[in-house]
Amino acid sequence: MSTTALPQPLAPPRPPTPDLEALAEAARVLESRPATEAIEWAWGRYGPDVVLAASFQDCVLIDLAAQVAPTLEVVFLDTGYHFAETLWYVEQIRRRYDLHLTVVGPEVPADDRWLTDPDGCCAARKIAPLARALTGRRAWISGLRRDDAPSRAATPVVTLDVARGLVKVNPIATWSHADVEGYVRDRDLPVHPLADRGYGSIGCWPCTRPVGPDDNPRAGRWAGTTKTECGLHG
Ligand code: SF4
């Protein structure tokens, strides 16, 4: 008996390749401009085809976006393993800014993969959900900063996310940790409840530990392993 192969589902079309020269020029100009101008640039150029991916360990990027693009869609990746304090904070920030918030979760049930295969766990709980959130978009905005970690030291303000074929905008790439703290203080922004309890960088509870005052804030992420990134940023 002969069998007929079923047609393969079509992959979603990739957006047209961005103009690399225009991106390089935008990166050059926005490097020394206020962070709000980078968000304005993305919003003006891509409108509803750009989203802001927020980790909700603070609300600096959201506060900046609220000033120039208040209806910009904000995406939160709910891995299923966030601290209860993070989920509480997300709700506080959603209400404060009347956020256009999309919460994206994993398509896998609860498991303990983080114990033995943290890269696979991040792939299922962060990378795949972000890919779904970015489907059909042309650009995304992240809160990456150069002084987060040596691996982020060359983060441009505007770049091409080659793997996804999207424009990526990092409005606070040039900010230091002190800049963030100063902005939070000056704007009297709500602080994540764990920030004052030694959590310098806040991710999923199984993979986040508090750090000492002199430690790199990200030292508490995947502490005791060689893993330093979840893979969302290449
Ligand atoms: S940070 Fe940990 S728990 Fe969260 S997705 Fe990655 S491995 Fe899983």
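A crossing of two helices counts as right-handed if the near helix is turned clockwise from the far one by less than a right angle, and as left-handed if the turn is anticlockwise. By that criterion, the crossing of H2 and H3 in this predicted model is right-handed. The briefing below covers the ligand site and then the packing of the helices.

**Ligand site**

- The ligand sits in the largest cavity.

**Packing of H1 and H2**

- Helix H1 (residues 20-30) packs against H2 with axes 10 Å apart and an angle of about 155°.
- Because angles over 145 degrees count as roughly antiparallel, H1 is roughly antiparallel to H2.
- The H1 and H2 crossing is right-handed.

**Packing of H2 and H3**

- Helix H2 covers residues 35-46 and helix H3 covers residues 60-68; their axes lie 9 Å apart, at an angle of about 60°.
- This angle makes H2 oblique to H3.
- As stated at the outset, H2 and H3 cross with right-handed geometry.

**Packing of H3 and H7**

- Helix H7 (residues 177-186) crosses H3 at roughly 60°, and the two axes come within 10 Å.
- H3 is therefore oblique to H7.
- The handedness of the H3 and H7 crossing is left-handed.

Key. Residues are numbered from 1 along each chain as its sequence is written. This is a predicted model: local features need pLDDT of at least 70, side-chain atom pairs count only at pLDDT 80 or more; totals for chains, interfaces and linings use all residues. Side-chain values use heavy atoms; hydrogens and water are left out. On a 1 Å grid over the protein atoms alone, a cavity is a set of points where a 1.4 Å probe fits but cannot get out, and a pocket is an open set with protein on both sides within 12 Å along at least five of seven lines; lining residues have an atom within 4 Å of a point. A molecule sits in a cavity or pocket if more than half of its atoms lie within 2 Å of its grid points. Axes are lines fitted to C-alpha atoms, for helices over the stretch in contact, and angles run from 0 to 180 degrees between N-to-C directions. Helices (H or I, at least four residues) and strands (E, at least two) are DSSP runs, numbered from the N terminus. Angles under 35 degrees count as roughly parallel, over 145 as roughly antiparallel, 65 to 115 as roughly perpendicular and the rest as oblique.
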